[in-house]
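Biologist: Thanks for sitting down with me. Could we go through this model together, term by term?

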Amino acid sequence: MAAAGAEVSRDEAACDLAVLELGSPGATDRIGELVGRGIPVLAYGSHVHVELLRAAREAGATAVPNSQVEAQLRDLLTK
């Protein structure tokens, strides 16, 4: 991420992009909160959890299986 000029932070006030793992409790609710504040969200999870990936997309996230998170993150950081 440093190569793309990005800095990792847990400070939501300084957040330009949120990255969330879909296995976390309440992840889809959290996505809705972040998207509602105008923060783009990249959500990722196992490809076998189709329902979670779909719910994340419906909540406004870019949701991808684990195998695609690196490429998608790189794309988002270089836009």
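Modeller: Happy to. Let's start with contact, which means heavy atoms within 4.5 Å. This is a predicted model, where local features need pLDDT of at least 70, side-chain atom pairs count only at pLDDT 80 or more, and totals for chains, interfaces and linings use all residues. Residues are numbered from 1 along each chain as its sequence is written, and side-chain values use heavy atoms, leaving out hydrogens and water.

Biologist: What are the buried residues of α1 packed against?

Modeller: They pack against β1 (18-21), β2 and α2. Helices (H or I, at least four residues) and strands (E, at least two) are DSSP runs, numbered from the N terminus.

Biologist: Which residues of α1 are called buried?

Modeller: A27, I31 and L34. Buried means under 20% relative accessible area, exposed over 50%, partly exposed in between, with a 1.4 Å probe and protein chains only. D29 and G36, on the other side of α1, are exposed.

Biologist: Why do you say that the buried residues of α1 line one face of the helix?

Modeller: Seen down the axis of α1, they fall within an arc of 70°, so they line one face. The arc is that of the directions from the helix axis to the C-beta atoms.
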